[in-house]
Amino acid sequence: SDYLWNDLYKPYPGIEAEIRSMQSTMDTLLNDLLPLFKAGDEEGLQKWIKANRSLLKSSLPDVDGNSVLMALLKMHSSFTQIMPSMKLIVPLELQSETRRFEAMLAHWRSFIGQLAQESPKQLNIPDIKGQTPLMLMAEKGDTELVTIMLKAGADPEMQSISGMTALHSAIKSGVDSCVDVLLDHPCKRDNLTDDGQSPLHTASWTANLHAVRRLLQLSPRLARQRNSQGMTPLERISYLIDNPEALSLLANQRAQNGQRCATKQELLATADLLAQATPMLQK
């Protein structure tokens, strides 16, 4: 979006102000909501929802295709990520400001849950990457918001442009309760990503033993599913175990996204679990 507005966007004379007004939508949104978040003004936030029903019916006019809910989720996530570093660099005399900022983020998060329940249509409006609010919260392992969104009508079968579902995302989070909420909802367990990865493939290469156990129990045939490289979940992690350079590449990719990669020892434990299930499937 920065590239669009700063480089690509070249308006015809006479319509610049009209087009630029689209870019100011988020500025207006934050100007309205941030004071309410800071004050924890639940009544004011309720009034804001009622006054902005038309804005909540579709995506915002931005190149990312965000709905109000999605935009607020992404911004909240960005602010939350900087909190640990803020605490380290803020002087003692300013710690009260940090606590106020944390309180504002708590009110912001609460409003996200409220907005999901009162404007559920936004839950199934994907952004430009095909991501939904449910996918984002599942990847963060936010069990509470995932539960709220599912109850409000979020569709767990929606897939991003890469084929990821909320279940794939929850498995990557490594939060057992988040995986359980989706599996108990229930949701389909055999959706494949664009490269043919089933949820069991994802559970395997992330060494999510809880997810592997549950998926083997609920959908044991997934152990035979082959991805686009022709690998079963067991073969996929065996390849990582036998090829340190491949595991190192995966670790670097995960680190760039602020995520941890499974160790060789964790992959070995996962391989043992999958290997134990293989003879049972052959009977």
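**Figure 1. Trp48 as a buried residue of the predicted model.** At 8% relative accessibility, Trp48 falls under the 20% limit and therefore counts as buried. The structure shown here and in the following views is a predicted model. Trp48 belongs to helix 4, which spans residues 42–51. The ring of Trp48 is paired with that of Phe111: the ring centres lie 6.1 Å apart and the planes meet at 75°, so the pair is edge-to-face. Phe111 is located in helix 6, and the two partners are 63 residues apart, so that the pair links distant parts of the chain. Phe111 has 0% relative accessibility and hence also counts as buried.

**Figure 2. The aromatic cluster that includes Trp48 and Phe111.** Five aromatic pairs are found when the whole structure is searched. Ring pairs join Phe37, Trp48, Phe79, Phe101, Trp108 and Phe111 into a cluster. Among these residues, Phe37 and Trp48 also take part in the contact between helix 3 and helix 4.

**Figure 3. Packing of helix 3 against helix 4.** Helix 3 comprises residues 25–39, and its axis is 8 Å from that of helix 4, at an angle of about 155°. Because this angle is over 145 degrees, helix 3 is roughly antiparallel to helix 4. The two helices cross in a left-handed manner. Helix 3 contributes Leu29, Asp32, Leu33, Leu36 and Phe37 to the contact, and helix 4 contributes Gly44, Leu45 and Trp48.

Figure 4. Within helix 8, which runs over residues 143–152, the residues Thr143, Leu145, Val146, Met149 and Leu150 are buried. Gly153 follows helix 8 and has a positive phi, near 115°.

**Figure 5. Packing of helix 10 against helix 12.** Since the angle is under 35 degrees, helix 10 is roughly parallel to helix 12. The crossing of helix 10 and helix 12 is right-handed. On the helix 10 side, the contact is made by Asp176, Val179, Asp180, Leu183 and Asp184. On the helix 12 side, it is made by His210, Ala211, Arg214, Leu215 and Leu218.

Figure 6. Apart from neighbours within four places in sequence, the residues in contact with His201 are Gly196, Gln225, Arg226, Asn227, Met231, Thr232, Pro233 and Arg236.

**Figure 7. The whole chain as context for the close-up views.** The chain has 15 helices and zero strands. Its C-alpha atoms fill a box of roughly 70 × 50 × 40 Å along the principal axes. Of the 283 residues in the chain, 45% are buried. Among the contacts between residues at least 6 apart in sequence, 68% join residues at least 24 apart.

Conventions: Residues numbered from 1 in each chain as written. Predicted model: local features only at pLDDT ≥ 70, side-chain atom pairs only at ≥ 80, totals over all residues. Heavy atoms only, no water. Buried < 20%, exposed > 50% of the residue type's maximum accessible area, 1.4 Å probe, protein only. Helix = DSSP H or I, 4+ residues; strand = E, 2+ residues; numbered from the N terminus. Contact = heavy atoms within 4.5 Å. Phe/Tyr/Trp six-rings, centres within 6.5 Å; stacked < 30°, edge-to-face > 60°. Axes fitted to C-alpha atoms, helices over the stretch in contact; angles between N-to-C directions. Parallel < 35°, antiparallel > 145°, perpendicular 65-115°, else oblique. Left-handed = near helix turned anticlockwise from the far one by under 90°.
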